[in-house]
Amino acid sequence: REEGGCVTLSSHIMQEVGPLCDHIVIIAKGTVMAAGSSDELRAQAGQTNLEDAFVKLIGSEEGLHA
């Protein structure tokens, strides 16, 4: 990242994603449901917690158990 490269991380664990990622893309069933920074996603979902925002943005808790 510091050398201008891109690092891709795939995870359902929002506690890891939030502090590590500058830009987050939430995908559910092959569809991009939301994209932005951790702050932007929490604001979009009206949640203070990124995990709760993830659940709201995918529209179910299914993604938490995949």
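Modeller: Let's begin with Asp-39, which counts as exposed because its relative accessibility is 52%. The cut-offs are simple: buried means under 20% relative accessible area, exposed means over 50%, and partly exposed is anything in between, using a 1.4 Å probe and protein chains only. Before going on, keep in mind that this is a predicted model, where local features need pLDDT of at least 70 and side-chain atom pairs count only at pLDDT 80 or more, while totals for chains, interfaces and linings use all residues. Residues are numbered from 1 along each chain as its sequence is written, and side-chain values use heavy atoms, with hydrogens and water left out.

So who does Asp-39 pair with? Its side chain meets that of Arg-42 in a salt bridge, with 2.3 Å from N to O. That term stands for a side-chain nitrogen of Lys or Arg within 4 Å of a carboxyl oxygen of Asp or Glu. Both partners sit in helix 2, three residues apart, which is about one turn of the helix. Helices here are DSSP runs of H or I with at least four residues, strands are runs of E with at least two, and both are numbered from the N terminus. Side chains of opposite charge can pair when their charged atoms come close. A search of the whole structure turns up one salt bridge.

Ser-38 counts as buried because its relative accessibility is 10%. Leaving out residues up to four places away in sequence, Ser-38 touches Gly-18, Ile-24 and Leu-50, where contact means heavy atoms within 4.5 Å.

Skipping neighbours within four places in sequence, Leu-41 is in contact with Ile-24, Ile-26, Ala-34, Ala-35, Gly-36, Leu-50, Ala-53 and Leu-57. Leu-41 is also among the residues with the most contacts inside the largest nonpolar core, which has 14 residues; others on that list are Ile-24, Ile-26, Leu-50, Phe-54 and Leu-57. A core of this kind is a set of buried Ala, Val, Leu, Ile, Met, Phe, Trp, Tyr and Cys residues joined through side-chain atoms within 4.5 Å. The elements giving two or more residues to this core are helix 1 (14-20), strand 1 (24-28), helix 2 (38-45) and helix 3 (50-58). Helix 3 gives the most, with six residues. In soluble globular proteins, nonpolar side chains tend to be buried together.

Leu-20, in helix 1, counts as exposed because its relative accessibility is 60%. Its C-alpha atom is 16 Å from that of Arg-42, 22 residues apart along the chain. Ile-27, in strand 1, counts as exposed too, because its relative accessibility is 54%.

Finally, step back to the whole chain. There are three helices and two strands, running α-β-β-α-α from the N terminus on. Of the 66 residues, 27% count as buried. The C-alpha trace spans about 35 × 25 × 20 Å along its principal axes.
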